[in-house]
Amino acid sequence: MSNLVGASSLVSSALKQEELFPIREVSRLTGVNPVTLRAWERRYGLIQPTRTDSGHRLYSQADIESVRSILAWIERGVAVSKVGKILAKSDSIKAASAPVYEEVTSSEWAEWQAQLRRAVGSFDEVRLDRLYGQIFSSYPLAVVFQDILMPLWQELLLRQEQFGQTSEWLFLDTFLRARALQRLQVLRAQVEERVLLAALPGHCRELELLVAALLLSNSSHAVTILGLGQPLEELSLVCERMRPQALVVFTNQPPSDDLPKVLARLALALDCPLLLAGDGAELAEEGFDGSPIACLGNEGRLMQRRLQQFLSGHLDT
């Protein structure tokens, strides 16, 4: 009996020694506000903090790691309501996370696209706007555009052979351009540092350029777009007067053989770094080996990270 009492005492002592954190400290450590933390607990059962006698929540280090795991899955495009299904497989997470992730996200994104398609098919802007808001409340920006909206936009763009389908694409394109511009204006009002974004002439549509600007923007810099048709030979003049942190050239077309030489000449005329982004950047990357031109690729989550790393390294030198 005394051994049991001693063991119980040791467990109790260990619990007391474990550091517990109030909700405001967890919010500071993770960046998740207290309202969201409470919602994750009450609505989804994702975290279960300890309660004091007076009802205050206290979180362990394991709870904090759980919060960070939840954030990581949300960032990858899993809706918060589905995260529990993935976390429940924590014993085999390394082996099973990718299949579960694909299963959860692909079916969800397809359902959202089906609802959007119906709204576009009926030219119902009110319904389309409501769906747009719901999707943004469930996923991060990169997932919303790259995995849900732009694939549907591309599908409608390529499927214009039947009567009415061109009108459907134009309806969605106009809607998305307006919303993307609105988001960019908000971002530009919040940050002073600027990165310029210009498309190679004839290499993309306006919405593709707007989405690239959104994907490249973050809390340390905003992206200013130069209009479609911007002459490459005048970019040095524009940069001289605007003095951006960097110039990003965007292309969604296969690169021409002379593109590395053209951009190398442009880079010599600039007082700021020159970078390349988009599908064309992914295809042209090998051609820029050994040059001062950095390729950001075409994947939104990586483009922003690479740009930030490049800017940080450039500022440090």
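**First stop: Met242**

Select Met242, which, when residues up to four places away in sequence are not counted, touches Leu196, Thr224 and Leu226, a contact being heavy atoms within 4.5 Å. Met242 lies in helix 11, residues 235-242; helices (H or I, at least four residues) and strands (E, at least two) are DSSP runs, numbered from the N terminus. With 42% relative accessibility, Met242 counts as partly exposed, on a scale where buried means under 20% relative accessible area, exposed over 50% and partly exposed in between, for a 1.4 Å probe and protein chains only. If you draw a distance from Met242 to Leu196, the C-alpha atoms are 8.8 Å apart in space, although the two residues are 46 residues apart in sequence.

This is a predicted model, in which local features need pLDDT of at least 70 and side-chain atom pairs count only at pLDDT 80 or more, while totals for chains, interfaces and linings use all residues. Residues are numbered from 1 along each chain as its sequence is written, and side-chain values use heavy atoms, with hydrogens and water left out.

**Second stop: Arg188**

Move to Arg188, found in helix 9, and display its surroundings: leaving out residues up to four places away in sequence, Arg188 touches Arg194, Ala222, Val223 and Thr224. Arg188 has a relative accessible area of 26% and is partly exposed.

Now select residues 125-138 (helix 7) and 165-190 (helix 9), whose axes come within 12 Å and cross at roughly 45°; axes are lines fitted to C-alpha atoms, for helices over the stretch in contact, and angles run from 0 to 180 degrees between N-to-C directions. That angle makes helix 7 oblique to helix 9, because angles under 35 degrees count as roughly parallel, over 145 as roughly antiparallel, 65 to 115 as roughly perpendicular and the rest as oblique. To see the contact, show Glu125, Leu128, Asp129, Tyr132 and Phe136 of helix 7 together with Phe171, Leu172, Phe175, Leu176, Arg179 and Arg183 of helix 9.

On the helix 7 side the contact is made by Tyr132, Ile135 and Phe136, and on the helix 8 side by Leu141, Val144, Phe145, Ile148 and Leu149.

Which residues touch the most other members of the largest nonpolar core? Among its 54 residues they are Tyr139, Phe145 and Leu197, where a nonpolar core is a set of buried Ala, Val, Leu, Ile, Met, Phe, Trp, Tyr and Cys residues joined through side-chain atoms within 4.5 Å. Helix 8, residues 141-158, supplies the largest share of this core, 11 residues. Select Tyr139 and, setting aside its neighbours within four places in sequence, you will find it in contact with Gly77, Val78, Ala79, Glu108, Trp109, Trp112, Val144 and Ile148. A second, separate core of 23 residues includes Leu200, Leu226, Leu270 and Cys295.

**Last stop: the whole chain**

Zoom out to the protein chain, which has 14 helices and eight strands, and in which buried residues make up 43% of the 317 residues.
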